[in-house]
Amino acid sequence: MAAPIGNVVIPGDIFSFTQLKSTDDAKKILLGPGLKENDLEIKVIRPGILRYRKPGVYWVDCHHKRYIPSKGESVIGIVNQKVGDIFRVDIGGSEQASLSYLSFEGATKRNRPDVKVGDIIYAKLLVANKDMEPEIVCIDSYGRSSGMGVIRNGGFLFHTSLNLARKLLNPQCILLKTLGNRFQFEITVGINGRVWVKAHSDIQTIAIVNAIVASEYKDNDQIKEMCKRISKAVSRMEVD
Amino acid sequence: MASFTVVKQEEFEAQQEKGSAHVLRCLTSGLSCLTRQDGSVSLSQGDTTSIAVVYGPAEVRINKEQIDKATVEVIFRPKVGLSRPEHRKQERIMRNTLEPAIEAHLHPRSSISIIIQETEDLGSNLACCINSACLALLDAAINMNYMVAAVSVAVKENEDMVLDPSKQVEKEAKSIITYVFDSVNYQIVTIASTGSFSRVQHMEALKLAREASKSVFQFYRESVAKKLLMSE
């Protein structure tokens, strides 16, 4: 019996290596999140859908709301505290991330960045380890900001499930493109399930937020349909 | 989000009438019934219902921090009033049952808190609470070694066994035993009992409960599948 790729698996399900290999010619098997090697078997430790990608990569795709930091991911955080030379930033994980004041573009000991408690920050995870405090930075390895830093000038920040954030960032998802054809707006999506939106008017911002939240369980055709309805409703409201 | 099995009142009564009573009452669940929590579920076993929510892996209080694994805490909230010593005992039973099931070492220095609100106790309350807690953990996609399923058995005065007893049966019963099984080998994880029973009765009740637990696991699988396949 081959492994049930695309089917729901739940913790405690067990596969043998031969079961996974029979769907694959690769010599090595790579186990992603949700799978664990246990003696000569593979054990599922998370409920979700079993996925497979060539060559020999298996993982469990599950519905999460809680973010678990992982190195190199771009996240949106909220500055909570200023302790000496570092800021404590809430990125939705089990621990607050630290952000040095020197890890901004152009920041020096004399020229401090303008960051206050309560600011929203778009940053990249430099250190993410289950045993250590996560550390974020607002510069890339060349010392450029490349879009990261404090997000200013209003807008609206809201939380979604991690799946929705990943869906928005997926190039195959047409939601942002379709919305972009109808409204002019700025958006920042953190992989930690936080999304910041700013449009010309509050009505438009709210409409975009609603569209994003509603798109979680919709496919591309349904999304197109929904965008059409929303833009009609918004234009009617703005006339009033 | 919700998965419902509808059993008509007459059918349910007919089931009860059969006398054998070796069936579970109908199970219904609503996964992600609350939005702000990491995982939540409302579960009903017959008329007994409870709501369980899970937060985690979240920030932990410094005095409860463990450097090698996550701290699992279970809070039980009774339907009315403050929690009393008997509820503390129930919390302890649930914590000891669920902690080994959770892969706590994957999230050191964090907390996984499970909060269970009793909404209606009409028999087999402990079993319902454990099952709802397990479903909430599944909803939050916490890493787990195995799942647990709890089944209650009541031994009546006339030595009859009743699976998943209702409040009335519980009141009249000589003893009530709650078994918790794991989902891999269907081995016992926990036994909580009140009253007296013989060894033979225990073996018989165990056999009954073990069979019933399989349908609970099947129910878990269906509930989770319904939630996950919604986005497909």
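How many bridges join strand E10 (residues 97-100) of chain A to strand E12 (residues 132-137) of chain A, and do these strands run parallel or antiparallel? Figure 1 gives the answer. The views show a predicted model, in which local features need pLDDT of at least 70, side-chain atom pairs count only at pLDDT 80 or more, and totals for chains, interfaces and linings use all residues. Residues are numbered from 1 along each chain as its sequence is written, while chains are lettered from A and ligands numbered from 1 in the order in which they are written.

**Figure 1. Strand E12 of chain A with its partners E10 and E11 of chain A.** Two bridges join E10(A) to E12(A), and these strands run parallel; helices (H or I, at least four residues) and strands (E, at least two) are DSSP runs, numbered from the N terminus, and two strands pair if DSSP finds at least two bridges between them. Strand E11 (residues 120-129) of chain A is joined to E12(A) by four bridges, and here the direction is antiparallel. A hairpin of two residues leads from E11(A) to E12(A). A:Ile136 in E12(A) stands opposite A:Leu99, and A:Leu125 also stands opposite A:Ile136.

**Figure 2. An open sheet of four strands in chain A.** The strands follow the order E1-E6-E7-E3, and their pairing is mixed. At the edges are strand E1 (8-9) and strand E3 (30-31) of chain A, each of which pairs on one side only. Strand E6 (residues 48-53) and strand E7 (residues 57-61) of chain A pair in the antiparallel sense over five bridges, and A:Arg53 has A:Val57 in E7(A) as its bridge partner.

**Figure 3. An open sheet of three strands in chain A, with helix H4 of chain A lying across its strands.** The strand order is E14-E16-E15, with antiparallel pairing. Strand E14 (156-159) and E15 of chain A are the edge strands, since each pairs on one side only. Neighbouring strands of this sheet are turned by 20 degrees against each other on average, direction ignored. Five bridges connect E15(A) and E16(A), which run antiparallel, and A:Phe185 stands opposite A:Ala199 in E16(A). Helix H4 (residues 202-214) of chain A lies across E14, E15 and E16 of chain A and runs at about 145 degrees to E16(A); axes are lines fitted to C-alpha atoms, for helices over the stretch in contact, and angles run from 0 to 180 degrees between N-to-C directions.

**Figure 4. Helix H2 of chain A and what covers its buried residues.** In H2 (residues 162-169) of chain A, the buried residues are A:Leu162, A:Leu164, A:Ala165 and A:Lys167. A residue is buried if 20 or more other C-beta atoms lie within 10 Å of its own, exposed if 12 or fewer, and partly exposed in between, with C-beta atoms placed from the backbone. The cover over these residues includes strand E15 (185-189) and strand E16 (194-199) of chain A, where contact requires that the C-beta atoms of two residues, placed from the backbone, lie within 7 Å. An unreviewed UniProt entry places the feature "domain: K Homology" at residues 155-201 of chain A; annotations of this kind may be inferred rather than shown by experiment. Over residues 155-201 the chain is 34% helix and 32% strand, with the end C-alpha atoms 10 Å apart.

Figure 5. B:Ala127 counts as buried because it has 28 C-beta neighbours inside 10 Å. When residues up to four places away in sequence are not counted, B:Ala127 touches B:Gln45, B:Ala150, B:Val151, B:Ser152 and B:Thr178. B:Tyr179 is 52 residues from B:Ala127 along the chain, and 8.1 Å separate their C-alpha atoms.

Figure 6. Leaving out residues up to four places away in sequence, B:Thr190 touches B:Ile93, B:Asn96, B:Thr97 and B:Val180. B:Met94 is 96 residues from B:Thr190 in sequence, and the two are 9.0 Å apart in space, C-alpha to C-alpha.
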